Each structure stands twice: as C-alpha cells, then as structure tokens.
Amino acid sequence: MNFRTAAWTAIVPVVLLTACSGSPAPAPAPPAPAPSSSSAAPVKEQVPDRQPHTLVLNATGSGSLKQVTYTLDGAAKETGPVKMPWRQSLTVPADGKPHQWTLEITYSGASGQVEMYSVVDGKESAHSASGGSGSGNLTGSASIGGSVQG
C-alpha cells in the first residue's frame with residue numbers, strides 16, 4: 001500500500017463517523033437587516049375602536065315651545081318657536097372624555113305637564129317634569145343637563 005492509499009483509508013472512516021453522528025449542524029444566523037436610509041416614525045400602539053354615542057334630547061307635552069336652547073360642550077344652538085313634541089339627536093365623540101350637555105326650554109300654551117328627558121344610546125339618562133294640573137294655560141321655563149362619557 002502506498003502512502004496515498006493509506007491516507008485515504010484513514011480519512012474516509014473519520015468523515016463517515018462525523019457525518020453519521022446524529023447531531024444536526026447548527027443553522028446559519030439570518031443576515032442582519034440593512035439600515036434604512038429614511039427615518040420611520042415610531043409605530044403608535046393601536047387603541048380599540050370606540051363608537052360615538054347618540055344623545056337624544058326631548059321635550060314633550062301639549063302646546064308650543066317659545067324657545068329651545070341646547071348645548072354640548074359649551075357650543076349652544078337655539079331654535080323656536082316649535083310645537084311639542086320636540087326632539088334633537090346629537091353625536092357625542094368617542095374620545096374617552098366627559099361631555100357636558102344642557103337643554104333649556106321656554107314654553108307657553110301647555111296644559112298639564114311639560115316633560116324633558118334625554119336618551120343616551122337608547123337608555124333614558126335624565127328626566128324632568130314641569131307644569132301643573134288643570135286645564136289652564138301654562139307658561140314657564142325649565143332646564144335639565146348631564147354628561148356623557150365619550
């Protein structure tokens with residue numbers, strides 16, 4: 001046997017033993033991402049979607065309203081004269097903050113009671129009644145208010 005044959009005979013079993021050892025070779029590490037040439041804005045944490053609330057202001061009774069003033073967060077709107085029943089629907093933003101509202105009416109020609117109430121998302125939230133008994137011609141004013149969490 002010459003030197004080449006002896007060297008080959010000695011190397012082959014070592015290579016075969018290494019290949020059959022049962023230990024997998026470690027996977028190569030993925031390449032690092034290349035640095036970006038543009039500066040990206042930080043990703044904002046996602047907040048679950050909120051739905052706006054529906055606030056419905058109501059004035060019921062017989063007769064008419066000389067004046068109606070309603071506010072949401074200090075922004076006042078005025079209307080009148082109008083016949084009862086009167087209703088106004090407002091959208092309250094879904095921002096997690098408290099939102100103040102008021103309803104003020106001046107009425108005349110009513111008999112019995114004049115009622116004011118609010119409904120938030122289908123549920124009554126505030127109620128007030130004004131007026132008296134009998135068939136007289138009532139005049140006066142009334143107001144209610146409250147808050148809605150946005």
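This briefing describes the fold, confidence, core and selected residues of a predicted model. Residues are numbered from 1 along each chain as its sequence is written, and the side-chain values use heavy atoms, with hydrogens and water left out. In this predicted model local features need pLDDT of at least 70 and side-chain atom pairs count only at pLDDT 80 or more, whereas totals for chains, interfaces and linings use all residues.

**Overall make-up**

- The chain holds 1 helix and 9 strands, where helices (H or I, at least four residues) and strands (E, at least two) are DSSP runs numbered from the N terminus, and the order from the N terminus on is α-β-β-β-β-β-β-β-β-β.
- Of the 150 residues in the chain, 25% are buried, with buried meaning under 20% relative accessible area, exposed over 50% and partly exposed in between (1.4 Å probe, protein chains only).
- Among contacts (heavy atoms within 4.5 Å) with a separation of 6 or more, 68% are between residues 24 or more positions apart.

**Confidence**

- The mean pLDDT of the chain (the predictor's confidence in each residue, from 0 to 100) is 76, and 61% of the residues reach 70 or more.
- Over residues 6-21 pLDDT stays under 50, and the model has 1 contact beyond four places in sequence for them.
- Where pLDDT is low, the predicted coordinates should not be read in detail.

**The largest nonpolar core**

- A nonpolar core is a set of buried Ala, Val, Leu, Ile, Met, Phe, Trp, Tyr and Cys residues joined through side-chain atoms within 4.5 Å; the largest one has 23 residues, of which Leu57, Leu65, Trp86, Trp101, Leu103 and Ile105 touch the most other members.
- Two or more residues of this core come from each of strands S1 (53-60), S2 (64-72), S5 (86-92), S6 (98-110), S7 (113-120) and S9 (138-149).
- Beyond its neighbours within four places in sequence, Trp101 has contacts that include Leu55, Leu57, Thr71, Leu72, Ser118, Ala126, Ile144 and Val148.

**The aromatic pair**

- The count of aromatic pairs comes to 1, given that rings of Phe, Tyr and Trp (its six-membered ring) pair if their centres lie within 6.5 Å, with planes under 30 degrees apart counted as stacked, over 60 as edge-to-face and the rest as tilted.
- Tyr70 and Trp86 form this tilted pair, 5.8 Å centre to centre with 45 degrees between the planes.
- Tyr70 lies in strand S2 and Trp86 in strand S5, so the pair ties together parts that are 16 residues apart in sequence.
- Tyr70 is buried at a relative accessible area of 10%, and Trp86 is buried at 9%.

**Leu72 and the S2-S3 hairpin**

- S2 and strand S3 (residues 75-79) pair in the antiparallel sense over 5 bridges, where pairing requires that DSSP finds at least two bridges between two strands.
- These strands form a hairpin with 2 residues between them, and Asp73 in the turn has a positive phi of about 55 degrees.
- Leu72, in strand S2, has Ala75 in S3 as its bridge partner and counts as buried at 17% relative accessibility.
- Leaving aside neighbours within four places in sequence, Leu72 is in contact with Leu90, Thr91, Val92, His99, Gln100 and Trp101.

**Asn58**

- Asn58 lies in strand S1 and counts as buried at 3% relative accessibility.
- The side chain of Asn58 makes a polar contact with that of Arg87 at 3.0 Å; a polar contact is a pair of N or O atoms within 3.5 Å, of which, within protein, one must be able to donate a hydrogen and the other to accept it, and residues adjacent in sequence count only if both atoms are side-chain atoms.
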